[in-house]
Amino acid sequence: MKEPVYRPVISAVRALFFVQGTRFTITGQEHVPAQGGAIMAINHTSYLDFMYAGLPAWPNRRYVRFMAKKSVFSHNVTGPLMRGMGHIPVDRHKGGEAFAAAIRALRAGEIVGVFPEATMSRSFELKEFKPGAVKMAQVAGVPVLPVTIWGGQRVWTKNLPKHMRPGSRIPVSITVGAPLEIARREDVNAANERLRAAMQVQLDAQQAAYPTLHGEDLRYVPARLGGLAPTPEQAHAADHHDMNRTRDEFTG
């Protein structure tokens, strides 16, 4: 299948990472199926998580179709790119449309990328998961790939300085866990917790292996690990404030 938009975007992204000197550690990419549908369930701490999560799929020339909020598709710059890459818009008021579009993509053999936390984690801890990923896996009969990313928050995250300059050489760890099969009759909440637990184990291992940070860089470390990031409770309060905004950051 030709990808007249996606392929050039991937080339541009890889060039960006080369210029930045991003030091990637990617494990478990053998779990990405060479063909057939699958859900990628991804933790979310960085604006670049879309770019990072697609890297483990690239050796098999797989293209991940990400589910993203509708406003991104309305933006003059990002909109044409998102549509051209076959990503799936999510309207929070019409969730059924996005669900149906994702099921069609999965049944057509696509990999669909989902952020079960729905919004970026300011605490850099896993938030509560929405059940959409496991529901889609059940309906489409495809596996869920637990994908965890650590270090991307140091490059670009909410309300903190970003480090996109050339030669920043920030380490970013990406792990793809073993596929989780969601039985047709399995309890959705139980399956959702099983997914979250698997991702927590992966993330714990990545955090333990990551270089120790000091000084101002402790802003990018969870409070639980001695860092200066907001606690989950503080992050939840900030998220609640954002939900009450009348305008989206992509629409002004």
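**Aromatic rings and their neighbours**

Modeller: The charged end of R196 lies over the ring of F129, at 5.9 Å from the ring centre. A charge sits over a ring if NZ of Lys or CZ of Arg is within 6 Å of the ring centre and within 35 degrees of the ring normal. The model is predicted, so local features need pLDDT of at least 70, side-chain atom pairs count only at pLDDT 80 or more, and totals for chains, interfaces and linings use all residues. Residues are numbered from 1 along each chain as its sequence is written, and side-chain values use heavy atoms, with hydrogens and water left out.

Biologist: Which residue lies over the face of W156?

Modeller: The distance from the ring centre of W156 is 4.4 Å. The residue is K162.

Biologist: How do the rings of F50 and F115 pair?

Modeller: Rings of Phe, Tyr and Trp (its six-membered ring) pair if their centres lie within 6.5 Å; planes under 30 degrees apart count as stacked, over 60 as edge-to-face and the rest as tilted. The centres of F50 and F115 are 5.0 Å apart and their planes stand at 70°, so the pair is edge-to-face.

Biologist: Is F115 buried or exposed?

Modeller: Buried means under 20% relative accessible area, exposed over 50%, and partly exposed in between (1.4 Å probe, protein chains only). F115 has 9% relative accessibility, so F115 counts as buried.

Biologist: Which residues do ring pairs link into a cluster?

Modeller: The rings of W58 and Y63 have centres 5.7 Å apart and planes at 75°, so they form an edge-to-face pair. Both W58 and Y63 are buried. The cluster linked by ring pairs consists of Y6, W58 and Y63.
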